[in-house]
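Visitor: I am new to this one. Could you show it to me and take me through some of its packing and charge pairs?
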Amino acid sequence: MPTGSKPLPSLLSMSHVQFLYIPEPPRFISNLPRTLFLLAMPAKIAIQVWGILDAFIFQIPNPPQYILVQNPPSIPSLALVWLAARLRGCKVIIDWHNLGYTILAMRLGEKSLFVSLAERFERTFGRVAYAHLFVTNAMKDHLMKKWDLQGETIVLHDRPPSYFHQSTPSEIHDLFVRLMPFIDTDLSWFPNYGLPATTPFTEVVKSLPSFATDSSLLERRTMPSLRHERPALLITSTSWTPDENFSLLIEALRRYEIKAKRQKSTDPEHLLPKALMFVTGKGPERAKYMKELQRLQSEDRWEWVRCMSLWLEPDDYPRLLGSCDIGISFHSSSSGLDLPMKIVDMFGCQLPVCALNFPCLNELVKDGHNGLVFNTAEELADQLVTLLREFPHSEPLERLRSNIVRNETRSPSARNRSGWNTWDQNWDDKIKPLVIPEVSQKSDEWLQEFLDRKRQNPTLQ
């Protein structure tokens, strides 16, 4: 039986893409106490070794020209890919998303012998490859200096797929008509609503088509619109692991609740909005933190804030992101060299972000331009108050959103100047010349020839 995450529908529909499923080690091993975890590691590694070697050597009849491996996980993947490439004559491309030994150090401590061995393993089998891809300039500079990497080196910043976008009122309405029956928050906390005509965030209103000239001759259409009294929607995605300090979010929400109550008593004409916090993802610490949140909401009688955990189908995740008002990231990076994909996805939906500060974050989040950077729960709470003070017509929030522009230009030079492009453009500019150099060169020659002809004859189509 196939295991792991379900591939994207666009991949499943491609006849020339084949999937090989590698057996997973028993999941309970990752949740064992430290001593038992160390004892069980050999068994876990043995299962992974056989699964990967079986796929590369026995299940793939014709050796591929390239093997693209993401790191981490490092052990045993890097060594097995190194071995398979030599046995079958393949070129290896390593996609450096983070450093595996730094993640292990969060579990065992930086001074652990196992961490030292893991670092040596990663350096030995990751140092030489046909090409190295990096998610940040900082990671490239660090590994080039520390490990003296051999091979092509390319910085390939993550970008969201094209289907990530800001949701329309109709999309928001359809989403919450489906989601509201599964929301376990006290429904009396929301504005009055009645599905399917209204949700806490949208309502169906009748309006004339934009091309109407004589309203007496046209029937009004029903179109969803956003409700003025709707709660603000906040969202964060987490793996519920130690590298994301979820207690920061709990404290920030607690402070927002206090500030909202104080605002009500001191200036009832200018209330802060209610805030519904969505937390997506699965992980080992989910139950602990959600229990703590429920306790605070009950004991402190929260009126302005609700927080709930959701697990969404892949198609609904971008729709929910595009429906929200503020995204929050608590990613702190075990190495300080990677960037959170969740922020990339949020920017793909033109969603302003409040992000926990860490080294190299400024390669993605420009403080005060496309998001805000915080260091403490108090700073995050203050940022939420600033962005939501005039909600739903918040000038600071809209200013941040307007600066998140997805660049669809076809000019590589213009894309380089803007610092933002799509995933397809990233492929064409950086990876295509690496793996299909002949086709890429001919495409560049054709494009240059067309542009020359266009300059000579501006009417040319």
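Guide: What follows covers a pair of helices and then several salt bridges.

Guide: This is a predicted model, in which local features need pLDDT of at least 70 and side-chain atom pairs count only at pLDDT 80 or more, while totals for chains, interfaces and linings use all residues. Residues are numbered from 1 along each chain as its sequence is written, and side-chain values use heavy atoms, with hydrogens and water left out.

Visitor: At what angle do α8 and α9 pack?

Guide: Helix α8 (residues 246-266) and helix α9 (residues 286-299) pack at about 10°, and their axes are 11 Å apart. Helices here are DSSP runs (H or I, at least four residues), numbered from the N terminus. The axes are lines fitted to C-alpha atoms over the stretch in contact, and angles run from 0 to 180 degrees between N-to-C directions.

Visitor: So are they roughly parallel or roughly antiparallel to each other?

Guide: The two helices, α8 and α9, are therefore roughly parallel to each other; that label covers angles under 35 degrees, whereas roughly antiparallel means over 145.

Visitor: Which residues meet there?

Guide: From α8 come Phe246, Ser247, Ile250 and Leu253, and they meet Tyr289, Glu292, Leu293 and Leu296 of α9. Contact means heavy atoms within 4.5 Å. By class, this contact of α8 with α9 has six nonpolar residues, one polar and one charged.

Visitor: Changing topic: how many salt bridges are there?

Guide: A search of the whole structure finds 15 salt bridges, each being a side-chain nitrogen of Lys or Arg within 4 Å of a carboxyl oxygen of Asp or Glu.

Visitor: Which residue does lysine 261 pair with?

Guide: Lysine 261 forms a salt bridge with glutamate 257, with the closest N and O atoms 3.5 Å apart. Both residues lie in helix α8, four residues apart, which is about one turn of the helix.

Visitor: Is glutamate 257 buried or exposed?

Guide: Glutamate 257 counts as buried, at 1% relative accessibility, whereas lysine 261 is partly exposed at 28%. Buried means under 20% relative accessible area, exposed over 50%, and partly exposed in between (1.4 Å probe, protein chains only).

Visitor: And what does arginine 255 meet?

Guide: The side chain of arginine 255 meets that of glutamate 251 in a salt bridge (3.0 Å, N to O). Arginine 255 is partly exposed, with a relative accessible area of 28%, and glutamate 251 is partly exposed at 23%.

Visitor: Which residues are linked in a network?

Guide: Arg178, Asp316 and Arg319 are linked in a network of salt bridges.

Notes. Parallel < 35°, antiparallel > 145°, perpendicular 65-115°, else oblique. Nonpolar A, V, L, I, M, F, W, Y, C, P; charged D, E, K, R; others polar.
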